[in-house]
Amino acid sequence: MGDIRRAIAVGVLALAPALAGCSTISDQLAGSEVDPAVTTSAASADSLLETVTWGELDGLVSVVVRNPTERVLRRAEAVITLRDSRGTALASTPTPTPATATATATTRLRDGGCCTVRSLRPGGTYGLYVGTAGPGSEVADVEVTYRDVSWSSTPPPRVEALAVRIEEGPRGSVVLADITTEDDLPSAVVQAVVTEPDGSLAAVVSGTWTCFEAGDTRRIFMQLFRRVPVGSMVESVAVHPDGGAAEGCTTERG
């Protein structure tokens with residue numbers, strides 16, 4: 001990760017509910033390969049995804065991770081833990097626990113954030129985030145581990161994503177992008193990386209959209225609940241098909 005510590009503001013529009021873990025029969029029938037070494041226990045960041053950078057802004061810590069392997073990561077549940085300079089855990093994304101489990105000192109850490117990596121191609125990046133423990137909590141390190149990991153034996157569908165512009169709305173900055181799919185796509189996570197005028201990372205915005213039709217170009221609006229600096233630009237837009245089957249989608253043509 002080096003000394004790169006860029007402030008990131010993350011906004012989420014229409015995030016889909018987290019699905020069950022990937023180590024299931026349906027995943028294997030769909031062409032995924034479950035890695036037994038990391039499915040039943042947490043895997044270190046070094047053994048799965050690389051942490052490229054992380055930053056904090058207004059109570060949100062964002063993390064950008066990269067797939068250094070030559071395989072497509074179909075799905076992985078990330079557990080993000082924030083620590084202070086003494087190594088004390090300040091906050092964490094939720095760790096899967098039984099419904100009957102009672103709160104303990106570790107589970108009282110403030111939960112939240114986007115913690116499921118989906119359809120990540122070799123060399124591709126993915127944005128995650130978590131709320132901090134509150135005012136006065138100085139985050140010195142971010143630790144990311146992974147659970148319920150599965151790999152895909154086939155590449156995700158090809159999708160063309162084109163950044164359009166950034167607009168300012170009443171609730172913060174809005175990223176506009178045009179998405180074109182080669183085939184019908186029931187559901188996908190779309191993420192945009194916004195950079196400041198000097199090229200440094202300003203924001204990652206992520207959301208889930210459904211019912212993309214083959215050959216059509218669709219404009220989407222991604223809401224950031226922060227305002228990015230004047231002159232910021234959209235560096236990239238990535239589409240990660242999540243394998244979901246949205247209700248109400250149709251392939252009929254008029």
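Which residues does V174 touch, not counting residues up to four places away in sequence? In this predicted model, V174 touches R165, I166, E167, F221, M222 and Q223. The residue lies in strand β11, and its relative accessibility of 11% means that it counts as buried. V174 also has a bridge partner, E167. Another residue to look at is R226: 52 residues separate it from V174 in sequence, while the C-alpha atoms of the two are 9.3 Å apart in space.

The protein has 254 residues, and 45% of them are buried. Its secondary structure comes to two helices and 15 strands. If we take the contacts between residues at least 6 apart in sequence, 74% of them join residues at least 24 apart.

Back to β11 and its partners. Three strands make up an open sheet, in the order β10-β11-β14, and the pairing is antiparallel. At the edges sit β10 (159–169) and β14 (217–223), each of which pairs on one side only. On average, and with direction ignored, neighbouring strands of this sheet are turned by 20 degrees against each other. Strand β11 covers residues 172–181, and ten bridges hold the antiparallel pairing between β10 and β11. These two strands form a hairpin, with two residues between them. On the β14 side, β11 is joined by seven bridges, again antiparallel. How enclosed is β11 by the rest of the structure? Largely enclosed, because nine of its ten residues are buried.

Next come the charged side chains. Side chains of opposite charge can pair when their charged atoms come close. The count for this model comes to seven salt bridges, and three of them are picked out here.

D178 forms a salt bridge with R219, and the closest N and O atoms are 2.8 Å apart. This pair links distant parts of the chain, since D178 is in strand β11 and R219 is in strand β14, 41 residues apart. The two residues are also bridge partners in the strand pairing.

E168 lies in β10 and R227 in the loop between β14 and β15, so the pair ties together parts of the protein that are 59 residues apart in sequence. E168 counts as partly exposed, at 46% relative accessibility, and R227 is exposed, with a relative accessible area of 51%.

D84 is buried, with a relative accessible area of 12%, but R86 counts as exposed at 71% relative accessibility.

Now for a charged residue without such a partner. D242 is located in the segment after β15 (233–241). What is the nearest side chain of opposite charge to D242, and how far away is it? The answer is R118, at 4.6 Å. A salt bridge needs the nitrogen and the carboxyl oxygen to be within 4 Å, and D242 has no salt bridge, even though it is buried. The side chain of D242 does make a polar contact, at 2.9 Å, with the side chain of S187. Leaving aside neighbours within four places in sequence, D242 is in contact with R118, S119, S187, A188, V189 and T208.

Most residues other than glycine have a negative phi. The phi of S119, however, is near 45 degrees, a positive value in a residue other than glycine. S119 lies in strand β7 (residues 116–120) and is buried, with a relative accessible area of 12%. C211 is not a glycine either, and it has a positive phi of about 60 degrees. C211 is found in strand β13 (residues 201–212), where it is partly exposed, with a relative accessible area of 30%.

Note on methods
Residues numbered from 1 in each chain as written. Predicted model: local features only at pLDDT ≥ 70, side-chain atom pairs only at ≥ 80, totals over all residues. Heavy atoms only, no water. Helix = DSSP H or I, 4+ residues; strand = E, 2+ residues; numbered from the N terminus. Buried < 20%, exposed > 50% of the residue type's maximum accessible area, 1.4 Å probe, protein only. Lys, Arg positive; Asp, Glu negative; His and termini not counted. Polar contact = N/O pair within 3.5 Å; in protein donor to acceptor, adjacent residues only side chain to side chain. Contact = heavy atoms within 4.5 Å. Pairing = 2+ DSSP bridges. Axes fitted to C-alpha atoms, helices over the stretch in contact; angles between N-to-C directions.
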